[in-house]
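Subject: Structure for your files

Dear colleague,

Here is the structure I said I would pass on. My notes on it follow below.

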Amino acid sequence: MCCCCPAAVHALFCLWVQSGFSKGTVAGALTFFPPDPPLYKFQRRDKEGKNLPDFVDDDDDEEEGKKDKKSGENDDTGLEDGAYKPKEGEAKEEMQSPAKQLTEKSKELRKRAKKRNARDKKDAEDGVEYKLVLDSRLQPPKFKGGKIEAVKIPTKSGSYCAAIVYRCPKKVRTDRTKTLIFSHGNATDIGAMFPLQAILSNSLNCNVVSYDYSGYGESGGMPLENNTYTDIAGVLKWTIEEVCDGDESKVVLYGQSVGSGPSCYMGMKTEGLGGMVLHSPFMSGMRVLTPSRILGCLDIFPNIDRISKAKCPVMLIHGKLDQEVPIAHGEALHNAVPDHLKRTPWWVPDRGHNDITEGRGKLAEYLAKLREFLETLD
């Protein structure tokens, strides 16, 4: 179902109305697709270093399900919470309208967010620490000599962002050492991104703070546009204080695909940052989903409007073969950067949206381009 067909437009309109005309709810349903299950977990530990039980999002779902079943025992209307109740042999997913499916998903996410926020708040009060455990399918490179930390970073929205901090070895740190705040793409998480972040830190002799958006991985909250802004604001504040010794000029924002949204927002809002890299970015969210402006009122991440107000040097990276977000998006963003802040872009001739770093030769070229950019910041 594409978002410009009549059924999809109707579903989005219904969700918009049912959510109280919340643009964020609709945009979240269209834009954010966290990996399920995540490709990592944070092992919780008490102050003495002993492992604590894993937290399960649906701990009390079974009990609530029993209550729901009991309350509906005498209901012979064929409806279940306003949706058609399928007969034996029928699939519920097939009988629900697109609008109903989107609404139900939104309810589930809100319920999970409430549980996670309560968990993370209590963990913070109890001094709980975390250990990163990667999915067994991942084969990360060795992290040479530095330190890797798993942390939960508080935000103004009341949720906590899960983050992995890669600190480069003390012997290579200087006054010029930068810290990348990496805002990843859509259908991934900080576990899946671990190999690339380790390579960036090792190869560029920089620190990397890679975080998950609200509703992704081990983070609390819901995956909404506004939440990504409070997420990156909290991560930036924490990074300046805990990694950069209070010096914002040591921070370089890095936004890949969807991550270009919060990065552009913060690059527009914050004075004194070291720089910003936009990797396979888009002009705005709806411009990727559909050329029609019928849903323009629901547009999100207006990068094309914000990039002209950037307050730090900007480098664009985009694959010429990108079919998900055509290179025209990257070119338009580069052209909109204030002239004195433009840095040489890298238009990658033989790569698409997700494969710019694939292959040993291309990875080496990618690292060289980033190194050149970082050298222009001093």
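Is Thr155 buried or exposed? Thr155 is buried, at a relative accessible area of 11%, where buried means under 20% relative accessible area, exposed over 50%, and partly exposed in between (1.4 Å probe, protein chains only).

A word on the basis of all this. This is a predicted model, in which local features need pLDDT of at least 70 and side-chain atom pairs count only at pLDDT 80 or more, while totals for chains, interfaces and linings use all residues. Residues are numbered from 1 along each chain as its sequence is written, and side-chain values use heavy atoms, with hydrogens and water left out.

Overall

The protein has twelve helices and twelve strands; these are DSSP runs numbered from the N terminus (helices: H or I, at least four residues; strands: E, at least two). Of its 378 residues, 49% count as buried. Taking contacts between residues at least 6 apart in sequence, 70% join residues at least 24 apart, a contact being heavy atoms within 4.5 Å.

Thr155 and the cores

Thr155 sits in the loop between E5 and E6. Its side chain makes a polar contact with the side chain of Ser157, at 2.8 Å. A polar contact is a pair of N or O atoms within 3.5 Å; within protein, one must be able to donate a hydrogen and the other to accept it, and residues adjacent in sequence count only if both atoms are side-chain atoms. Beyond its neighbours within four places in sequence, Thr155 is in contact with Cys161, Thr230 and Asp231.

The largest nonpolar core has 41 residues, and Val251, Leu253, Met276, Ile307 and Val314 have the most contacts inside it. Such a core is a set of buried Ala, Val, Leu, Ile, Met, Phe, Trp, Tyr and Cys residues joined through side-chain atoms within 4.5 Å. Elements that each supply at least two residues of this core include strand E5 (147–154), strand E6 (160–167), strand E9 (251–256) and helix H8 (260–269). Helix H7 gives the most, with six residues. Apart from this core lies another, of 35 residues, among them Phe182, Met193, Val208 and Leu377.

Leu253 has contacts with Ile181, Ile232, Ser263, Met266, Gly267, Leu273, Gly275, Met276 and Val277, leaving aside its neighbours within four places in sequence.

In H6 (residues 194–204), the buried residues are Phe194, Leu196, Gln197, Ala198, Leu200, Ser201 and Leu204. Their cover includes strand E4 (129–134), strand E7 (179–183) and helix H12 (360–375).

In H11 (residues 327–336), Ile327, His329, Gly330, Leu333 and His334 are buried. Seen down the axis of H11, these residues fall within an arc of 150°, so they line one face of the helix; the arc is that of the directions from the helix axis to the C-beta atoms. Among the elements that cover them are helix H9 (285–289), helix H10 (303–306), strand E11 (314–319) and strand E12 (346–348).

His318 lies in strand E11 and is buried, at 0% relative accessibility. The side chain of His318 reaches the backbone oxygen of Val325 at 2.7 Å. Not counting residues up to four places away in sequence, His318 touches Ile327, His329 and Gly330, as well as others including Trp346, Trp347 and Val348.

Leu289, in helix H9, counts as partly exposed at 34% relative accessibility.

Backbone and cysteines

Asn205 follows H6, in the loop between H6 and E8. Asn205 has a positive phi of about 50° although it is not a glycine, and is partly exposed, at 35% relative accessible area. Ser257, in the loop between E9 and H8, also has a positive phi, near 55°; Ser257 is buried, at 10%. The peptide bond from Asp36 to Pro37 is cis, with omega near 5°, and Pro37 is in the loop between helix H2 (23–31) and strand E1 (40–45).

The structure holds zero disulfides, a disulfide being a pair of cysteine sulfur atoms within 2.5 Å. For Cys312, the nearest cysteine sulfur is that of Cys264, 9.4 Å away. Cys312 is buried, with a relative accessible area of 0%.

Regards
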